[in-house]
Structures are given as C-alpha cells and as structure tokens.
2 protein chains.
Amino acid sequence: MGTQTIKATCVNCNVRQLCLPVGLSSLELEEIDSLITARRRIKHNAALFQKGERFSSLYAIRNGFFKTCVTSADGLGRVTGFPMAGEMLGFDGIVNDRHICDAVALEDAEVCVLPLDLLEKLSLKVNPLHRHIHIIMSREIVREHDVMLMLGGMRSEERLAAFLLNLVDRLHARGYSRSELILRMTRKEIGSYLGLKLETVSRTFSRFMVERIVEVKHRHIQILDADALRQIVDQSSSL
Amino acid sequence: MGTQTIKATCVNCNVRQLCLPVGLSSLELEEIDSLITARRRIKHNAALFQKGERFSSLYAIRNGFFKTCVTSADGLGRVTGFPMAGEMLGFDGIVNDRHICDAVALEDAEVCVLPLDLLEKLSLKVNPLHRHIHIIMSREIVREHDVMLMLGGMRSEERLAAFLLNLVDRLHARGYSRSELILRMTRKEIGSYLGLKLETVSRTFSRFMVERIVEVKHRHIQILDADALRQIVDQSSSL
DNA sequence: CGCCGCATTGACGTTCGTCAAGTCTAGTGG
DNA sequence: CCACTAGACTTGACGAACGTCAATGCGGCG
C-alpha cells in the first residue's frame with residue numbers, strides 16, 4: 001500500500017487554482033505546504049467540526065462536498081451552505097473561539113487543516129497571503145449577503161433557479177459539465193437551505209420539468225434551458 | 001470656531017471599547033490613530049459609499065446610524081443591515097475591489113476611514129491587530145449567518161421580536177436603555193431587512209401592543225416584556 | 001423479497017402579500 | 001399661527017403562495 005503515502009501537496013492538488021494558493025509563486029506555495037500540518041479524511045455523513053467545538057483551524061476542501069448547518073435546540077437543523085472542493089470552511093469560529101455550526105460531509109471528503117495562528121504567522125513572511133485571507137473572508141461575507149437577498153425577497157421558483165445556477169457554475173469552474181449535475185443532498189436539505197419545505201422544492205422541480213427547463217431524475221439534474229433559469233432569477237420580486 | 005478642530009482620536013472616542021482598538025495598549029492605540037488618515041461626516045440620507053464604487057478603505061462608525069442596502073435594478077432596494085457606532089463597514093468590497101452595496105446614513109454621522117493597505121501594513125507591526133481584523137470579519141460572517149437563519153425559518157412575529165432584541169442589546173452595549181429605543185428607520189426599511197412588507201411590520205407591531213409586549217408610538221418603542229420577546233424568538237419554526 | 005428513507009402528489013389551511021382607504025405627523029409656506 | 005401637503009403609518013378585505021397533513025410511489029440495501 002505504498003501508493004497511499006504519496007504526499008498530498010498544494011502542487012499536486014487539482015483545485016489549487018481555486019483554493020488558498022491562487023496567485024502565489026511556487027516558492028510561496030511551498031511555504032503554504034509547510035504550514036499544512038495535517039489532512040483529514042471525512043467519511044460520508046461524518047462531521048468535520050461541530051457547533052460548540054473549540055476553534056483552532058480553518059479548512060480547505062481538497063475534494064468532496066459538505067453542508068454547513070446548525071442543529072437547533074428543537075432537534076431539526078438548518079443548512080446554511082454547501083461548500084465544495086477548493087472552498088474554505090471554519091471562519092465562523094474565529095470570533096468566539098468556537099464554531100457556531102456543524103460541517104458535515106455529503107460524500108467522502110478530504111480537507112487540509114490550516115491552523116489559524118500558523119496562517120497568521122506565515123502571512124507576516126508571505127505578503128500576498130495577508131490580503132488573500134481577507135479576500136476569502138470577504139467572499140464569504142458576499143456569499144451570505146447573496147443568500148440573505150434570496151431568502152428575503154425571492155419566491156420558490158426564483159430560489160430554486162438561483163440555487164441550481166449557483167451549483168452548476170461552481171461545478172463548471174471545477175471542470176464539470178455546465179448543464180448536468182448530481183445533487184449530493186436531499187430535497188429536505190435543499191429546502192432547508194432555501195427556506196422552503198421539501199414538498200415545495202419537489203413541486204418546484206416538477207414545475208420546471210413541465211416547462212422543460214430542467215430534466216429531473218431523482219438526484220440527477222439536467223439543465224435544458226439555462227437562460228430560462230437566469231430569467232427567472234432576474235425577475236426576483238421587489239420588496 | 002477653534003473648538004471644531006479638536007483632533008478626534010481613538011483615545012477620546014466614546015466607542016473605543018467596541019471598535020477596532022479593543023484590547024490594544026495605549027501605544028498600539030496611537031499607532032492606529034496614526035493610520036486613520038481621515039474622518040468623514042455623512043449627512044442624514046447621504047451615502048458613505050455606493051454599490052459599484054471602487055473599494056479602498058474600511059470604515060469605523062464613530063457616531064451615527066447607517067443602513068446597508070442594495071438598490072436593485074428594478075428600482076426598489078433591500079436593506080441588509082443597520083450598523084451603528086462602534087461597528088465597522090465595507091468588508092463586502094474587498095473581494096472584487098468594488099462595493100456590492102450602499103451604506104446610507106440614517107442620521108448625521110461620522111466615520112473613521114481606514115485604508116485597507118495601511119491597515120495590513122500596520123498589522124505587520126502591531127501583532128494583535130492581525131487577529132483583530134479576522135475577528136471582526138468573522139463577526140460579520142456570524143451576523144449574516146444569523147440573519148440567514150431568521151429569513152429562512154422565522155415568521156413575522158419571530159422576526160420582529162428578534163430584530164427588536166438585537167437592536168436594544170446593541171444600544172444597551174452603548175450605554176442606552178435596555179427597554180426603550182427610537183427607531184431611526186422606516187417601517188418599509190425594517191420590512192425590507194426582515195423580508196416582510198411594511199404592512200406586515202405594522203400589523204405585527206400592533207399585535208405586540210395588544211399583547212402588551214411593547215408600547216409603540218410611531219418610532220418610539222418601549223419594551224414592556226423582554227422575556228415574552230425572547231420566548232417568541234426561541235419558538236422559531238423548525239424547517 | 002421486503003423494508004425504509006426519500007420523493008412525489010393532492011387537498012386543505014395559514015400566513016403573508018396586495019390593493020385600497022384612511023389617519024397621523026412633521027414640515028412648509030401663506 | 002394655522003392651513004396645507006407629502007410622506008409615513010395603520011387598518012381592513014381579499015387573494016396568492018407556501019406550509020401542513022396524508023397517501024402513495026420509488027429505489028437501494030440488507
């Protein structure tokens with residue numbers, strides 16, 4: 001089993017164009033590699049971290065697909081995001097030194113562990129890194145911003161259309177088709193993320209099928225008319 | 001008019017316990033003061049920055065009350081936050097070098113201008129500052145996180161209750177009453193923030209009055225039963 | 001093969017949005 | 001000082017969108 005011990009580095013990572021090291025020189029890249037103290041494999045349905053857990057590190061997803069969710073007191077939880085390979089997790093934990101949500105793998109996954117204090121030390125040396133962290137956090141702020149706008153002002157069709165377009169765009173940036181995708185999450189999880197009940201998600205999918213906008217076969221989605229989806233998103237109601 | 005030129009510094013700022021300098025030594029505090037190149041006075045209804053405007057600086061609110069909003073294509077906009085004295089603005093602009101929303105003063109206000117590149121340079125010298133920026137951005141991520149949960153899963157009463165409690169808490173941290181407040185925004189702006197129509201906001205206020213939970217006289221709010229409000233928030237519907 | 005979780009579909013109820021009328025308030029100018 | 005007005009707010013009647021409850025279908029896994 002010697003092949004299993006091939007060192008996983010940023011250099012041989014297939015999402016290095018999307019992840020933390022974008023725009024760094026190969027020298028700087030090695031510095032980052034040196035800071036990654038560990039990688040963790042997370043099995044399907046296992047948690048990378050959980051609400052209340054002590055914060056110490058950020059995580060970069062090397063491969064796999066996650067959901068972030070809060071499992072509220074009443075038992076049921078709410079999904080707040082679906083991060084995928086090349087994206088970073090854990091920023092919620094910095095402010096109070098504890099994570100405020102769970103991160104659960106929706107398929108077997110692997111992440112790079114980035115201890116924040118090491119990252120901060122390193123960014124004293126590697127100058128672009130400094131700005132880089134700010135950019136990634138700003139991106140997360142903007143992402144949540146967009147979700148807020150969606151949740152506050154869109155109706156079910158608009159939400160689901162925006163959701164599908166967002167997913168397929170991000171997948172396309174990772175080399176996948178821009179018209180086909182496999183959903184890694186249940187209708188309930190989609191609904192939770194979109195602020196809808198699972199039945200509404202299901203009905204809306206059905207409506208899209210009738211209108212020949214998408215082809216839905218359980219979790220396999222084919223986008224037949226991306227322009228129609230974009231049009232639906234754009235007509236998002238005022239408020 | 002000599003008194004007008006008194007230098008405004010962090011040292012004599014009455015929100016220094018809440019703002020960027022928390023936890024810094026007086027020496028470090030002076031460093032921060034040296035980095036604040038300018039202060040800006042923003043008149044009621046004027047914009048501190050606007051969507052599309054080039055990003056260069058973060059802003060710390062010295063006094064006054066703002067709303068952040070996106071004025072969408074269709075004319076009407078959506079409010080995404082109500083930052084107040086001691087809080088920071090502008091993180092949305094870092095990622096794409098342009099602001100993605102407007103920041104508008106809801107009363108005459110004054111802000112400290114913090115150019116990001118100077119801030120980054122300074123945090124090479126002043127070590128705690130480094131972590132501090134991360135904490136403040138993390139706080140913003142968590143704040144938006146909470147808004148997402150509200151917008152996705154709460155009904156009108158729960159949203160308004162959460163809104164009032166949040167406002168009064170933040171005002172209390174600034175030395176104001178924990179049971180009385182003056183709303184600086186219209187019903188429409190509240191509704192926009194909460195994902196509700198202004199009529200619904202008005203009706204919900206009325207219901208709270210009937211139940212003797214709050215006393216509402218236009219924009220003057222008196223909280224009669226904070227526990228009842230907290231109870232309403234806690235029973236937020238599942239999903 | 002049978003079970004169980006996920007998904008779809010239908011009938012019905014609730015909540016909130018829409019439309020509209022009318023009130024209140026602060027600000028303006030005679 | 002007061003009438004006038006515009007904008008903010010309140011309230012009511014109605015309708016649309018989504019949630020709720022329930023029955024049924026489907027597929028994967030032991």
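Student: What makes the pair formed by Arg203(A) and a base nitrogen of DNA strand C a polar contact?

Tutor: In this predicted model, a polar side-chain atom of Arg203(A) lies 2.9 Å from a base nitrogen of DNA strand C. A polar contact is a pair of N or O atoms within 3.5 Å, so this pair qualifies.

Student: What does Arg203(B) approach on DNA strand C?

Tutor: A base oxygen of DNA strand C lies 2.8 Å from a polar side-chain atom of Arg203(B). That value also falls within 3.5 Å, so the pair is a polar contact.

Student: Which part of DNA strand C does the side chain of Lys197(B) meet?

Tutor: An N or O atom of that side chain is 3.2 Å from a phosphate oxygen. Lys197(B) is also among the residues that come nearest to DNA strand C, of the 17 around it.

Student: Which helix gives the most to the surface near DNA strand C?

Tutor: Helix α6(A) does, with five residues. Both α6 (198–210) of chain A and α6 (198–210) of chain B supply at least two residues each. By kind, the residues of this surface are two nonpolar, seven polar and eight charged.

Student: How do you know that the span of helix α3 (residues 127–153) of chain A agrees with its number of residues?

Tutor: At 1.5 Å a residue, its 27 residues should span 39 Å, and the end C-alpha atoms are 40 Å apart, so the two values agree.

Conventions. Residues are numbered from 1 along each chain as its sequence is written. Chains are lettered from A and ligands numbered from 1 in the order in which they are written. This is a predicted model: local features need pLDDT of at least 70, side-chain atom pairs count only at pLDDT 80 or more; totals for chains, interfaces and linings use all residues. Side-chain values use heavy atoms; hydrogens and water are left out. Helices (H or I, at least four residues) and strands (E, at least two) are DSSP runs, numbered from the N terminus. The expected span of a helix is 1.5 Å times one less than its number of residues. A residue is near a molecule or strand if one of its heavy atoms lies within 4 Å of it. A polar contact is a pair of N or O atoms within 3.5 Å; within protein, one must be able to donate a hydrogen and the other to accept it, and residues adjacent in sequence count only if both atoms are side-chain atoms. Ala, Val, Leu, Ile, Met, Phe, Trp, Tyr, Cys and Pro count as nonpolar, Asp, Glu, Lys and Arg as charged, and the others, Gly among them, as polar.
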